[in-house]
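Please read the points beside the model.

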Amino acid sequence: MSQTASPALASVAAIEDAAELLRKAKRIVVLTGAGISSPSGIPDFRSEGSGLWSRVEPVEVASLSTFRTSPERFFNWFRPLAGQIFNAKPNAAHKALAELENSGRDLNVVTQNIDGLHQRAGSTRVVEMHGTLRTLSCTECFRQFESGPFLEQYINEGMIPKCLSCNGILKPDVILFGEQLPQLAWLEAQRTVRQCDLMLVAGSSLEVLPVAGLPMQALDRGAHLIVINQTPTYVNVRADVILMDDVASIIPEISKRVLNG
Ligand SMILES: [Zn+2]
C-alpha cells in the first residue's frame with residue numbers, strides 16, 4: 001500500500017478529539033502565530049535563528065529607535081520580508097479557519113502575524129496584535145494609506161514610501177520592538193478571550209508577551225485548550241489536545257470533521 005499525506009495514526013485520535021471540542025464549543029478563539037504563515041513562505045518575523053535574523057540583531061534593526069534614527073536601515077532590512085509577505089497567499093490552515101467562521105460558528109482569530117492572510121482567506125473577525133502591513137502611516141502628519149502601491153515600488157525598486165500629502169516617511173503599521181501594542185487590539189483580544197469556552201493555539205510557540213499569556217486567561221475561566229504547534233509550548237501541560245505537527249495539514253483535517261460532523 002502506498003503512503004499518503006494523511007496524518008499518522010497517533011494523530012488521528014487527537015484530531016478527532018479536537019474536532020469534538022470545536023463542535024461542542026460555543027465561542028472559539030484561535031490564537032495564531034508565525035507557524036501558520038510559514039507554509040505560505042513567510043519566515044518568522046521575530047525568532048532568532050531563522051535565516052532572516054542570521055546577520056542582524058532583530059531587536060536592533062526592527063526597532064522603533066532604528067526606524068526613527070535611520071529609516072533607510074530599517075527599510076533595507078525589511079525589504080525581503082516585505083516582498084515575501086506581499087507575494088504570499090493564504091494556505092490551507094487560513095482557509096480552513098475562514099470556513100469554520102463562515103459556517104456560522106462564533107470564531108475569533110487573534111493573530112501575532114502582520115501579513116493579513118487570515119482576512120485574505122475570508123476570516124472577518126481578526127484581531128492583529130502586532131499590527132499589519134496592509135496599511136502605512138505618515139510619521140509627520142499621521143495620514144494612513146493602503147500599502148499596496150507603495151509596497152510594490154519599495155519592494156521592486158527600493159523606494160522608501162513617502163506621504164502623498166507632506167512627503168514624510170511612511171511607517172508600516174506593524175508593531176516594532178520598543179513599541180507599545182495597539183491598545184484597542186489588546187482590549188478586543190482580552191474581551192474575546194474572556195468570553196470563549198475554547199481556545200485553539202495554532203502555530204505559536206507562545207514566547208512573546210503579553211499575547212502569550214492569553215491562553216492562561218482562557219484556562220483560568222474554564223475554557224478548553226487545543227495546541228497545534230511544531231514545538232512544545234508552556235501551556236501544553238494544561239491542554240486538552242496537543243498536536244505537535246504542521247498546522248497547514250492538521251487544521252484542514254480538523255475543520256473537515258467539524259463541518260461534516
Ligand atoms: Zn504626511
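1. Basis. This is a predicted model, in which local features need pLDDT of at least 70, side-chain atom pairs count only at pLDDT 80 or more, and totals for chains, interfaces and linings use all residues. Residues are numbered from 1 along each chain as its sequence is written, and side-chain values use heavy atoms, with hydrogens and water left out.

2. Overall fold. The protein chain holds 11 helices and 9 strands. Its radius of gyration is 19 Å, close to the 18 Å from the globule rule for 261 residues, so the protein chain is as compact as a globular protein of that length. (The radius is taken over C-alpha atoms; the rule is 2.2 Å times the number of residues to the power 0.38.) Along the principal axes, the C-alpha trace spans about 55 × 45 × 30 Å. Helices (H or I, at least four residues) and strands (E, at least two) are DSSP runs, numbered from the N terminus.

3. Burial and contacts. Of the 261 residues in the protein chain, 51% are buried. Buried means under 20% relative accessible area, exposed over 50%, partly exposed in between (1.4 Å probe, protein chains only). Take contacts between residues at least 6 apart in sequence: 67% of them join residues at least 24 apart. A contact here means heavy atoms within 4.5 Å.

4. Zinc site. Which residues coordinate the zinc ion? They are Cys138, Cys141, Cys163 and Cys166, each through SG, at 2.3 to 2.4 Å. Donors are N, O and S atoms within 2.8 Å of the metal (3.2 Å for Na, K and Ca); water is not among the atoms, so sites may look incomplete. The site is tetrahedral, with angles of 97 to 119° among its 4 donor atoms. For four donors, that label requires all angles between 85 and 135 degrees.

5. Donor spacing. Along the chain the zinc donors follow C-x2-C-x21-C-x2-C. Cys138 and Cys163 link distant parts of the chain, 25 residues apart. Cys138 lies in strand 4 (residues 131-138), and Cys163 in the loop between helix 8 (148-157) and strand 6 (170-174). Cys138 counts as buried because its relative accessibility is 2%. Cys163 is buried too, at 3%.

6. Asn87. Is Asn87 buried or exposed? It counts as exposed, because its relative accessibility is 57%. Asn87 is found in helix 5 (residues 71-87). Its C-alpha atom is 9.0 Å from that of Gly41, 46 residues apart along the chain.

Notes: Tetrahedral: all angles 85-135°; square planar, octahedral: opposite > 155°, others 65-115°.
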